[in-house]
Amino acid sequence: MYHKMAKKVVYDWDWVDQQIDSIGEKLESIEKPQFITGVPRGGLIPAVLMSHKFEIPFIGLEAAKTLPGDLKKKVLVVDDIADSGNTLAQIQRHNFITATLARRYSSSFSPLFVGTDIKDDHWLVFPWENLSANSIQDYLDN
């Protein structure tokens with residue numbers, strides 16, 4: 001599933017698949033979105049994976065923002081994590097449906113659909129990220 005490193009939690013592709021499946025089950029509670037998009041950068045890969053799995057056409061985020069209001073309500077915006085919540089709060093102004101693979105306990109924004117709740121402050125490393133990248137804690141400690 002995952003393994004912990006000093007201040008980092010590294011997730012693998014199986015974990016990502018589990019979160020996508022979990023979100024997919026929850027999506028059944030609403031009308032199927034007409035489009036799916038991802039927040040650059042972290043949300044793009046999960047959004048494309050979900051687009052293929054759920055057979056929802058992918059659209060770029062900037063293009064989604066230009067859709068008429070009634071269509072915006074049928075766009076699923078995906079991100080890897082609701083960490084601070086600031087990015088998704090700004091995106092929500094467009095009335096999109098939101099989903100994240102993970103949501104940190106301290107996030108100021110709660111997406112409509114969440115794969116996993118994160119109850120600590122460890123830096124999360126997703127499989128498409130560079131394992132050797134510094135966590136925010138590493139930057140703050142310097």
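Reader: How much space lies in the largest pocket, and how should I read that value?

Author: A pocket here is an open set of points on a 1 Å grid over the protein atoms alone, where a 1.4 Å probe fits, with protein on both sides within 12 Å along at least five of seven lines. Points are joined across faces, edges and corners, and the volume is the space filled by probe spheres set on them. In this predicted model, the largest pocket holds about 530 Å³.

Reader: Good to know it is predicted. What conventions apply to the numbering and the atoms?

Author: Residues count from 1 along each chain as its sequence is written, and side-chain values use heavy atoms, leaving out hydrogens and water. Local features need pLDDT of at least 70 and side-chain atom pairs count only at pLDDT 80 or more, while totals for chains, interfaces and linings use all residues.

Reader: Which residues line the largest pocket?

Author: Lining residues have an atom within 4 Å of a point. There are 21 of them, with Gly 42, Asp 80, Ile 81, Trp 123 and Glu 129 nearest the centre. Strand E4 (75–82), helix H5 (86–92) and strand E7 (123–125) each give two or more residues; the largest share, four residues, is from E4. Helices (H or I, at least four residues) and strands (E, at least two) are DSSP runs, numbered from the N terminus.

Reader: And what is the largest nonpolar core made of?

Author: A nonpolar core is a set of buried Ala, Val, Leu, Ile, Met, Phe, Trp, Tyr and Cys residues joined through side-chain atoms within 4.5 Å; buried means under 20% relative accessible area with a 1.4 Å probe, protein chains only. The largest one has 23 residues, and Tyr 11, Trp 15 and Ile 23 are among those with the most contacts inside it. Helix H1 (13–27) supplies the largest share, five residues. Apart from this core lies another of twelve residues, including Leu 61 and Leu 88.

Reader: Is Thr 98 buried or exposed, and what does Thr 98 contact?

Author: Thr 98, in strand E5, is buried, because its relative accessibility is 2%. Contact means heavy atoms within 4.5 Å. Beyond neighbours within four places in sequence, Thr 98 contacts residues including Leu 76, Leu 88 and Phe 109.

Reader: Where is Ser 107 found?

Author: Ser 107 sits in the loop between strand E5 (97–104) and strand E6 (113–118). With a relative accessible area of 15%, Ser 107 is buried too. Its side chain reaches the backbone oxygen of Phe 109 at 2.7 Å.

Terms used
Buried means under 20% relative accessible area, exposed over 50%, partly exposed in between (1.4 Å probe, protein chains only). A polar contact is a pair of N or O atoms within 3.5 Å; within protein, one must be able to donate a hydrogen and the other to accept it, and residues adjacent in sequence count only if both atoms are side-chain atoms.
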